[in-house]
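Rolling a probe the size of a water molecule over the atoms shows where empty space is left. Side chains of opposite charge can pair when their charged atoms come close.

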Amino acid sequence: MAAQPKTVKVPLKTVALPNEHGGWGFTLEPILLGLLVAPTLAGLGLGLCALAAFFTRHPLKLWLADVRKGQRFPRTPVAGRFALAYGSIGALGLLLALVRAEGPFYWPLLAALPLIAVQLWFDAHNKGRNLLPELAGAIAMGSVAAGIGLAGGLEPSLALGLWLALAARAYAAIHYARTQVMRARGLTVPFRPAYLAQLIAVGGLLLGATAGWVPWLGVLAVGLLLPFSAYTFARPPVPARVVGWSQMAFGLLVVALTALGARM
């Protein structure tokens, strides 16, 4: 009797769940900020769509990598099914937003598509941890806050200001986190790029606040990273997970103060 082929079990967690902890914050922050400023059912649907897109990225990346290599592994069909399931949930959330929106909300999402394309291209070539795709993906996710705001009837300038606040937070925080992670690995890293990124972020927000787009509390929140960086850079490096948790807390602070400023 011929031996039955051995079935290879694929750990679902490694396929179904994102393996980039920093992405959780950059995904949840715009959803939370948008719903705090303009809570609507349409915004909830758009938030669900964004969350589904975040979950879709990892299995889609695995599937694209296998297809690009012209190979089929046990994980390949599993990754494809998860990507399709998440994508379907995202489509339902988008449909809810389209049905219940108080105004056109899609232009920030369309504007973010080139950034998403950059991230997907790097993902397909196993270069998703490079600086450019990390920045592109995080900044693109900030468009969700603007979309949720517009779906809830928020003024376009203020909706764009929410995106600007999150983009500045992402730009500053990613440079800071990469510096700290490299320090934790024992590398000698110059601090100037991280400080420069933070100054650029705060400078952009100051212009936005002067124009009336960005709440001043949002500028303050992002600006707090400067003294925090000066303090942590002067101390011994900490594990990457500590950096991640501190940046998630910083992101929640930016969301809370920006939302408070927007509603004042």
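The points below cover a cavity and the salt bridges.

This is a predicted model, in which local features need pLDDT of at least 70, side-chain atom pairs count only at pLDDT 80 or more, and totals for chains, interfaces and linings use all residues. Residues are numbered from 1 along each chain as its sequence is written, and side-chain values use heavy atoms, with hydrogens and water left out.

**Cavity**

- The structure holds two cavities of 30 Å³ or more (a cavity is a set of points on a 1 Å grid over the protein atoms alone where a 1.4 Å probe fits but cannot get out; a volume is the space filled by probe spheres set on the points, which are joined across faces, edges and corners).
- The second largest cavity has about 40 Å³ of space.
- Its lining residues (those with an atom within 4 Å of a point) include E29 and R169.

**Salt bridges**

- There are three salt bridges (a side-chain nitrogen of Lys or Arg within 4 Å of a carboxyl oxygen of Asp or Glu).
- R169 pairs with E29, with the closest N and O atoms 2.7 Å apart.
- R169 lies in helix 8 and E29 in helix 2, so this pair ties together parts 140 residues apart in sequence (helices are DSSP runs of H or I, at least four residues, numbered from the N terminus).
- Both R169 and E29 are buried (under 20% relative accessible area; exposed is over 50%, partly exposed in between, with a 1.4 Å probe and protein chains only).
- D66 forms a salt bridge with R75, the closest N and O atoms being 2.7 Å apart; D66 is buried at 0% relative accessibility, while R75 is partly exposed at 27%.

Terms used:
1 Å grid on protein atoms, 1.4 Å probe; cavity = no way out; pocket = protein on both sides within 12 Å on 5 of 7 lines; lining within 4 Å. Helix = DSSP H or I, 4+ residues; strand = E, 2+ residues; numbered from the N terminus.
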